[in-house]
Structure formats: C-alpha cells, structure tokens
Amino acid sequence: MTATNAMDDIKEKFDRITEQIPVVEEYFKYRGHYQHYLSLTGKEKQKFAKKCSYELEQYKAAFAKVKTMFPDTKTPTAETLRKQQTELREQFEKRSAEYNYYKKEADRLARQIRQKRDSQKTIDRYLQNEQAAKRKKNQLE
C-alpha cells in the first residue's frame, strides 16, 4: 500500500466516522424515551406515545440509520467515535508529515540526478570540442 493510498484510507475512515457521530448522538439522545416507552403498559404507554410522539419518531429514524451503519455490532458511543476520529487525525498528520519529508527528499535527489546528467553532457560536449580542435590542428600541420 502506498503512502497516498494509506492516507486516502485514513481519510475515508475519518469521513465515515464524521458522518456517524451525529447519527449516534441522535440515537442515544432519544433512546431513553424509547426504553421508557417500552417499560410502560396499557394507557400509560398510549399517553406517553402521544406526549412524546416526536421523540419516538426521531428515535425510530435514528435507529434505522444506526442499523445501516452498524449492522453486526453494538452501536459505539459518540465519545468512542470521537476518540477514533482523533486517532485517525493524528495518524493522518503523522503520515502526511512522513510523506512530505520523503517527497522533499525524492525531489532533492531528482534535482541532483538532473544536475549530474547536465554536467556529464557538458563534459562530453567539451571533450568532443577538444578532440575536434586537436583533429583540425593535426590536419593543418
């Protein structure tokens, strides 16, 4: 895996977590309402459903989103996701710094190679001119 691919992978994970955080926050915000709703029975349940219909609808919408984001695992908390996000940001910054260092070094080496190639061409032209001058001098004598 190249450095840019690794950085793209980290950025992709970071972006995915960034999308997940508000959904998870929403889910946990309304989960208590839903759990309380489930604990009730009969008229209390109906009364609570009317009183908190908005919260219960928000919970259902958030639950559907969470289910698509985390189909096989438990839903992480927003704090856990933020911690992962911070770790990814640090990894990205570290890899980015490494990448920039190696890129500068590669550019420096490429410049040196070009300079050596140009110097060699100059030396070759000089030697050709010297040989041509010697041949002319020998022909004139």
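Tyr27, Phe28, Tyr34, Tyr37, Tyr59 and Phe63 come together in one aromatic cluster. Before we look around, a word on the model: it is predicted, so local features need pLDDT of at least 70 and side-chain atom pairs count only at pLDDT 80 or more, while totals for chains, interfaces and linings use all residues. Residues are numbered from 1 along each chain as its sequence is written, and side-chain values use heavy atoms, leaving out hydrogens and water.

Let's stay with the rings. Searching the whole structure turns up eight aromatic pairs. Rings of Phe, Tyr and Trp (its six-membered ring) pair if their centres lie within 6.5 Å; planes under 30 degrees apart count as stacked, over 60 as edge-to-face and the rest as tilted. Tyr30 and Tyr54 have ring centres 6.4 Å apart and planes at 85 degrees, so they are edge-to-face. This pair links distant parts of the chain, since Tyr30 is in helix 1 and Tyr54 is in helix 3, 24 residues apart. (Helices are DSSP runs of H or I with at least four residues, numbered from the N terminus.) Tyr30 is buried, with a relative accessible area of 7%, but Tyr54 is exposed, at 51%. Here buried means under 20% relative accessible area, exposed over 50%, and partly exposed in between, using a 1.4 Å probe and protein chains only.

Now try Tyr34 and Tyr37. Their pair is tilted, with 6.2 Å centre to centre and 35 degrees between the planes. They sit three residues apart in helix 1, which means about one helical turn separates them. Tyr34 is partly exposed at 23%, and Tyr37 is partly exposed at 22%. Tyr37 also has Lys45 over its face, at 4.9 Å from the ring centre; a charge counts as over a ring if NZ of Lys or CZ of Arg is within 6 Å of the ring centre and within 35 degrees of the ring normal.

Next, the helices. Helix 2 (residues 42-51) and helix 3 (residues 53-69) pack at about 80 degrees, with axes 5 Å apart. That makes them roughly perpendicular, the word for angles of 65 to 115 degrees. Ala49, Lys50 and Lys51 in helix 2 meet Ser53, Glu55 and Leu56 in helix 3, where contact means heavy atoms within 4.5 Å.

Finally, find Ile17 in helix 1 (residues 3-39). Ile17 is buried, with a relative accessible area of 7%. Leaving aside residues up to four places away in sequence, Ile17 touches Leu81, Gln84, Gln85 and Leu88. The C-alpha atoms of Ile17 and Arg82 are 7.9 Å apart, although 65 residues separate them along the chain.

Definitions and conventions: Axes fitted to C-alpha atoms, helices over the stretch in contact; angles between N-to-C directions. Helix = DSSP H or I, 4+ residues; strand = E, 2+ residues; numbered from the N terminus. Parallel < 35°, antiparallel > 145°, perpendicular 65-115°, else oblique.
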